Amino acid sequence: MATSTASAGKLGASMASETDVGVLLAKTDRNAGVKGVTAFIVHPKKYPGWNAQPVPMLGLSKSMRTNVLFLDDFVVPVEDHLGEEGEGFKIVIRALQPGRVTIAGNALGVARACFEEAVRYANERELCGQAIGRFQMIQSDIAEMATAIENSRALVYKAAICMDNGLPSNRIAAMAKYHASQTAKMCADKAVHIFGGYGLAEEYPVSYYRAYSDMFFTGEGSANVQKIVIAEDALDYKIAECHHGRRGLREIRKDDVGAELAKAWRRGAGTARALAAQSACASASMNSRVRIIRTAS
Ligand SMILES: Cc1cc2nc3c(=O)[nH]c(=O)nc-3n(C[C@H](O)[C@H](O)[C@H](O)COP(=O)(O)OP(=O)(O)OC[C@H]3O[C@@H](n4cnc5c(N)ncnc54)[C@H](O)[C@@H]3O)c2cc1C
């Protein structure tokens with residue numbers, strides 16, 4: 001068995017102290033840029049040199065155990081490469097796409113939980129003889145939460161449908177993750193404020209939701225990274241779908257994605273069917289608004 005060894009350090013490796021198997025990206029050709037990165041399937045418990053130390057993170061460690069990982073001549077059998085040599089970057093970019101949609105879905109769930117808690121408490125808590133939900137400034141917060149959640153939901157579902165149907169999804173996944181993480185953070189902050197002093201008490205879940213909502217900005221690429229993907233595509237500096245395997249956006253321009261989506265929706269493909277209901281409603285109302293404007297002009 002041919003082996004190689006890897007030495008490196010990294011903060012942020014979830015479950016690395018517990019896992020039996022992982023994926024490691026290693027530079028196999030230092031002079032080839034991103035084409036010099038190869039992915040390997042690694043076995044932390046089978047070979048020496050893998051040292052993962054859990055990092056306590058405020059409010060997160062119960063739900064998300066992450067580690068600082070040191071590789072010290074960690075043994076990697078050469079034949080355990082994933083894909084071909086030099087394909088590691090392409091593989092990770094494709095893996096990030098579903099990862100981003102998953103994080104966006106998590107963020108949407110946390111946003112909803114915050115909203116539901118806030119609505120319940122606003123109806124329950126009475127001040128000056130009335131529920132605080134009757135105060136217009138509390139209503140303003142509730143309205144902003146509800147609207148942002150609907151927007152995020154439409155993006156998350158659209159990204160999931162695109163992915164389900166093998167359509168280019170990198171740009172929409174970046175948008176979904178960016179928007180849903182902002183929504184989770186905003187809803188968590190507002191929920192904590194609506195709870196007043198109780199919002200900071202560990203006894204109330206909103207205090208955890210707020211700590212948890214910060215994580216959505218970081219995992220699978222920071223908020224800035226999502227904005228770079230979106231803006232560089234818009235400015236034509238770098239096509240967001242350039243790593244898409246089957247059909248890149250050079251073949252399907254992004255304006256055509258809606259049409260492709262409609263075709264897929266009519267086919268009723270896979271799990272997208274259930275997910276599609278939300279975004280189909282959103283795009284239907286958008287389309288009818290476009291038609292009204294055209295008629296008026
Ligand atoms: C709980 C948790 C679990 C994690 N689990 C994993 C895991 O399992 N596997 C894994 O691989 N990683 C994991 N990570 C790491 C995570 O993916 C990284 O923390 C994240 O990608 C950000 O990288 P960084 O921390 O090195 O920040 P940096 O890249 O140093 O970024 C610092 C700041 O600079 C900004 N920035 C960076 N580049 C640019 C730019 N070009 N333009 C503008 N702004 C920029 C960023 O937005 C950020 O605000 C985890 C992190 C956390 C917190």
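Helices α1 and α3 are roughly parallel to each other, and by that I mean an angle under 35 degrees, where over 145 counts as roughly antiparallel, 65 to 115 as roughly perpendicular and the rest as oblique. In this predicted model, the two helices pack at an angle of about 25°, with their axes 8 Å apart. Axes here are lines fitted to C-alpha atoms, for helices over the stretch in contact, and angles run from 0 to 180 degrees between N-to-C directions. Helices (H or I, at least four residues) and strands (E, at least two) are DSSP runs, numbered from the N terminus.

α1 passes α3 in a left-handed crossing. Left-handed means that the near helix is turned anticlockwise from the far one by less than a right angle; clockwise would be right-handed. On the α1 side the contact (heavy atoms within 4.5 Å) includes Val-101, Ile-103, Leu-108 and Cys-114. On the α3 side, Ala-173, Ala-180, Cys-187 and Ile-194 are among the residues involved. By class, this contact has 18 nonpolar, 4 polar and 2 charged residues. For the classes, Ala, Val, Leu, Ile, Met, Phe, Trp, Tyr, Cys and Pro count as nonpolar, Asp, Glu, Lys and Arg as charged, and the others, Gly among them, as polar.

A word on conventions. Residues are numbered from 1 along each chain as its sequence is written, and side-chain values use heavy atoms, with hydrogens and water left out. Because the model is predicted, local features need pLDDT of at least 70 and side-chain atom pairs count only at pLDDT 80 or more, while totals for chains, interfaces and linings use all residues.

How does α3 (residues 170-194) meet α4 (residues 205-215)? Their axes come within 9 Å and cross at roughly 155°. That makes α3 roughly antiparallel to α4. This crossing is left-handed. Among the residues in contact are Lys-185, Asp-189 and Val-192 of α3, and Tyr-209, Arg-210 and Asp-214 of α4. They divide into 6 nonpolar, 2 polar and 4 charged.

Now the sheets. β1 and β5 (residues 67-77) pair over 8 bridges. Within that pairing, Lys-10 has Leu-69 of β5 as its bridge partner, and Ala-6 stands opposite Phe-74. β4 is joined to β5 by 5 bridges, and Trp-50 stands opposite Leu-71.

The other open sheet has the order β2-β3-β6, also with antiparallel pairing. β2 (22-27) and β6 (81-82) each have a single partner strand, so one side of each is left without a neighbour in the sheet. β3 (residues 37-42) pairs with β6 over 2 bridges, and Ala-39 has Leu-82 as its bridge partner. Helix α1 (residues 88-124) lies across β2, β3 and β6, running at about 70° to β3.

Last, confidence. The protein averages a pLDDT of 83, and 80% of the residues score at least 70; pLDDT is the predictor's confidence in each residue, from 0 to 100. Over residues 246-255 the value is below 50. It also stays under 50 over residues 269-297. Where pLDDT is low, the predicted coordinates should not be read in detail.

Terms used: Two strands pair if DSSP finds at least two bridges between them.
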